[in-house]
Number of protein chains: 2
Amino acid sequence: MKAILISIGDELVLGQTLDTNAAWLSERLAGLGIPVVEHVTVGDDYERLAATLQRCGQDGEIIIVTGGIGPTEDDLTRQVVAKILDKPLVLDEASLKHIQELFHQRNMEMPERNRIQAMIPEGSNVIANPTGTAAGLMAHIGHSQCFVLPGVPSEMKVMYNESVEPVIATERENNIIVSRRLHLIGMSESELAEKLGDIMSRDRNPLVNCAVAKGIITLRIIASAKNGHDAKLMIKPIEKKLRDILGTNIYGSDEQTLADVVVQLLVERKQTLSVVESCTGGWLAKTITDVPGVSEVFNQGWITYSNQAKHQQLQVPNELLESYGAVNHDVCEAMAENARQISQSDIALAITGIAGPGGGSESKPVGLVYIGLSNSKSTEVKRFCFNGSRDSVRWRAVNRALDLLRNRLL
Amino acid sequence: MKAILISIGDELVLGQTLDTNAAWLSERLAGLGIPVVEHVTVGDDYERLAATLQRCGQDGEIIIVTGGIGPTEDDLTRQVVAKILDKPLVLDEASLKHIQELFHQRNMEMPERNRIQAMIPEGSNVIANPTGTAAGLMAHIGHSQCFVLPGVPSEMKVMYNESVEPVIATERENNIIVSRRLHLIGMSESELAEKLGDIMSRDRNPLVNCAVAKGIITLRIIASAKNGHDAKLMIKPIEKKLRDILGTNIYGSDEQTLADVVVQLLVERKQTLSVVESCTGGWLAKTITDVPGVSEVFNQGWITYSNQAKHQQLQVPNELLESYGAVNHDVCEAMAENARQISQSDIALAITGIAGPGGGSESKPVGLVYIGLSNSKSTEVKRFCFNGSRDSVRWRAVNRALDLLRNRLL
């Protein structure tokens, strides 16, 4: 059994909106052992949408369409499906009632325009949308079972979980795919390939592949077997081998982020943290506070963007700032040490650097970043030169700071 | 002339990595008047990649392929293109030299594995990769001119700008598409549709469509004409009409972010800003400092995550925190007012709320957020109830805080 995803929307083919639905659905379907073999995106274009649906109906066994079922005139998916099935659109009373109820809860009358969201092609099945106004639908197109869901990710996810996965899971074949991801920092893709040798050959089962994004490498181990238990057993020795070779460069697995791992280590070791940031401007704190429940270990942060703030808030000596500028080993050291003392935290992280695009010089180029880590025993400062855009420099600085803390906590 | 994009990588069809290249390329091609009619994603699968390239070669006039030209064994794009062209892969000496030079700069020997990145099918053209190791290539497949670029966004973008766009721009037809985006906050999609009426009909030129993402609506006006000048002239009256109807709900256009607009207003009005955040944990400051050159107006930020930090750093009275908790009108007011005074900034923004998933109660549910704005004349506090995940609540709080500031500055 294989799946094809179709995403619909001018905003997608025009490049205005990133499609996050396809990635989410792919991951979920892979977990059921159903590979997504193709993902097609087309605009709000009646003819092309019809042609794509018909082509994919001959190829896929499961098609999941997202988008094009909103209340506005550029939403055409229900109409196209009705046309392919050669059926009229009919009103689903329960869906209409649900939409009216949603508007009522917001103390509003349902605009007439939303009525279309309760209509489905005659003979197809409604997929209820508990959190939004657009009803989904299920129909057979060509050889495929086709599910139509809204493009709004939060609504789509609830509907997939409640109404699509249960249907698919009972019908799928006996060939399970299980995958396991390992995340690494501090290594280039080529170094990795050299270290791993033929572990990444294409013809293996489990297969190992890798993806790189902004300094983070993710290895994926993919095992195919008759059942999930066997597939998981096949993954274990490969994972062990990878861990033996790569050691602590592997920081986490599957859904874990670097911040998740760091927060978990802080909780386990009962250590509190504060941070002080200059060039990253709050991104380090934001990344740490992405983790739910972090208030147990995270005390506070400063964004000392101006020199005045570095001096007034963190007592960085003015002489230091005036003589050497804000991007400097000693300034970073003072920031980390004083942040720890003022906040009475066990550990403090400090970042100061030049994110660009302006502000660089020959001796202090864009991308120069100092990262400091202070605990009661010592304060360590590391110097980095990152490549890339303002965004890239800032993000790499955030990750390296988290990784420095991780290594200290290990 | 029309384009098809093909993105390659198991990490994409497995849902591990979001494809940002397709959106970026779509936007750029739209700007040249070349609509992307389809975007296909396939895995690192030799047969399917070959079939897709051959199918699209018959359909598109321009094909841009991203991904699959890294140094590892799962990178198959050059091999597939060579196979379709029935040509051997040959070494490009200049590319090899460039790769060796890049490794030399990092004080490393080029791993033997990277040699493949300097190879292209005989008779096709190299597309130089100034910032990375993977050489791109240009070849004719079917009726199409096919450009192969790396999947790494930063490298892909440089190569598109330097070597692909100049080639395409000289060859394109006389039918220009020009588009203009307007961004709105503080309005639902249905409200918008009701207000706009038939402006959004499908058969118009210019066409108006809309996309929604996390509380931000983007309207896109798309005009087709014989030349760019005419297309721009066609957009003007529609833009005026939309601005008349929607007023200050429109905060910006095209590439502008809400933070860009706010920073620009601060610079124009010579007003300095500091922020203090609790539940958003640095995201507000991060969003503001995303804007290059913001140091002119942004002084500093605090992330007062713990009550102790709210009291010690921002002098929020302990009685207040103890009696009413940290998520409270008066606490938010004190945070904003004291942040402004301590930092000696003209304006301060404060956010305190419950981002979830835990920590909510009946009287203070998850999603409850207070946002405060203080200037020398007054301090205003607004109460919001946001829906959705921790991420969604935090992001909406950040945007509403920025919008509050925008409206104050207007």
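I take contact, or touching, to mean heavy atoms within 4.5 Å. The model is predicted: local features need pLDDT of at least 70 and side-chain atom pairs pLDDT 80 or more, while totals for chains, interfaces and linings use all residues. Residues are numbered from 1 along each chain as its sequence is written, chains are lettered from A in the order in which they are written, and side-chain values use heavy atoms, without hydrogens and water.

**Entry 1: Thr52(B)**

I located Thr52(B) in helix H3 (residues 46–59) of chain B; helices (H or I, at least four residues) and strands (E, at least two) are DSSP runs numbered from the N terminus. Is Thr52(B) buried or exposed? I record Thr52(B) as buried because its relative accessibility is 3% (buried is under 20% relative accessible area, exposed over 50%, partly exposed in between, with a 1.4 Å probe and protein chains only). Leaving aside residues up to four places away in sequence, Thr52(B) touches Ile6(B), Val40(B) and Val42(B).

**Entry 2: the twelve-stranded sheet**

I traced an open sheet of twelve strands with mixed pairing, running from E6(A) to E6(B); two strands pair if DSSP finds at least two bridges between them. Strand E6 (125–127) of chain A and strand E6 (125–127) of chain B are the edges, each pairing on one side only. E6(A) is antiparallel to strand E7 (residues 136–141) of chain A, over three bridges. In this pairing, Ile127(A) stands opposite Gly136(A).

**Entry 3: the ten-stranded sheet**

I then followed a second open sheet, of ten strands, from E17(A) to E17(B). Within chain A, strand E13 (residues 273–277) pairs with strand E15 (residues 347–353) in the parallel sense over five bridges, and Leu273(A) stands opposite Ile347(A).
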